[in-house]
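Please look through the sequence and the three-dimensional structure below before reading on.

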Amino acid sequence: MNVAKTDHARVATLFDAAREGDRAALDELVSLLTPLLWQVARDQGLDAEHAADVVQTTWLRLLGSFAEIRSPVALTGWLITVTKREAWRTGEKRQIERPLPELPERLSEASPAPEEGVLREDQRVRLWRAVDNLPERCRSLLRIVAFVHRPDYAEVGARLGMPRGSIGPTRGRCLARLREQLLANGEGDWL
């Protein structure tokens, strides 16, 4: 099944019935769209086991979002988007969890000079001190941006109580404030 062949009106009807508590409609909806979602997950490079987990997570997300779906006709697109995002997260976790290659017994490159390590640590300390001086909203947003690869703006917005469309401009203003603080500090070099 592909998106073009999906009967969106039928999906919308089943979704409306499922939202009203019709278990059979929900089962039919799952049977109808699971092959498509599984293919979407597999297209993101996941193996069968991880793709199955992603599809299950997608359906659980739908169950938790019944009230938030405003356009049942667009449900298939919403499910595909959620599946892709979950597949990317799963793929990223797999990359992180992949074991490191064995190191040679002796490293061929010299380790960085001790003064370079001290300078990096000094910059790290000053950076986080400047971050701590930002308003709470900026601190929270910048921590997410710093530690989450390709964050989902819908989730960030929900978590921080911000409209999705304001996340990018707010992030820009927060980074500008951080830059001003670091440059005003006058200690050390940031280039």
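In this predicted model, helices α2 and α4 are oblique to each other, a word used here for angles that are not under 35 degrees (roughly parallel), not over 145 (roughly antiparallel) and not 65 to 115 (roughly perpendicular). Helices are DSSP runs of H or I with at least four residues, strands are runs of E with at least two, and both are numbered from the N terminus. Because the model is predicted, local features need pLDDT of at least 70 and side-chain atom pairs count only at pLDDT 80 or more, while totals for chains, interfaces and linings use all residues. Residues are numbered from 1 along each chain as its sequence is written, and side-chain values use heavy atoms, with hydrogens and water left out.

**Helices α2 and α4**
- Helix α2 (residues 23-43) packs against helix α4 (residues 75-97) at an angle of about 40 degrees, and their axes are 10 Å apart; axes are lines fitted to C-alpha atoms, for helices over the stretch in contact, and angles run from 0 to 180 degrees between N-to-C directions.
- The contact (heavy atoms within 4.5 Å) is made by L29, L33, L36, L37, V40 and A41 of α2 together with L75, T76, L79, I80, T83, K84 and A87 of α4.
- The residues of this contact divide into 10 nonpolar, two polar and one charged, where Ala, Val, Leu, Ile, Met, Phe, Trp, Tyr, Cys and Pro count as nonpolar, Asp, Glu, Lys and Arg as charged, and the others, Gly among them, as polar.

**Helices α5 and α6**
- The axes of helix α5 (residues 114-132) and helix α6 (residues 136-147) come within 9 Å and cross at roughly 140 degrees, and α5 and α6 are therefore oblique to each other.
- From α5, the residues W128, V131 and D132 meet R139, R143 and F147 of α6, and the contact divides into three nonpolar, no polar and three charged residues.

**The whole protein**
- The protein has eight helices and zero strands.
- Of its 191 residues, 28% count as buried, that is, under 20% relative accessible area, with exposed meaning over 50% and partly exposed in between (1.4 Å probe, protein chains only).

**Residue L141**
- L141 lies in helix α6 and is buried, with a relative accessible area of 0%.
- Apart from its neighbours within four places in sequence, L141 is in contact with V156, L160, M162, I167, T170 and R171.
- L141 and T170 are 29 residues apart in sequence, and their C-alpha atoms are 8.5 Å apart in space.
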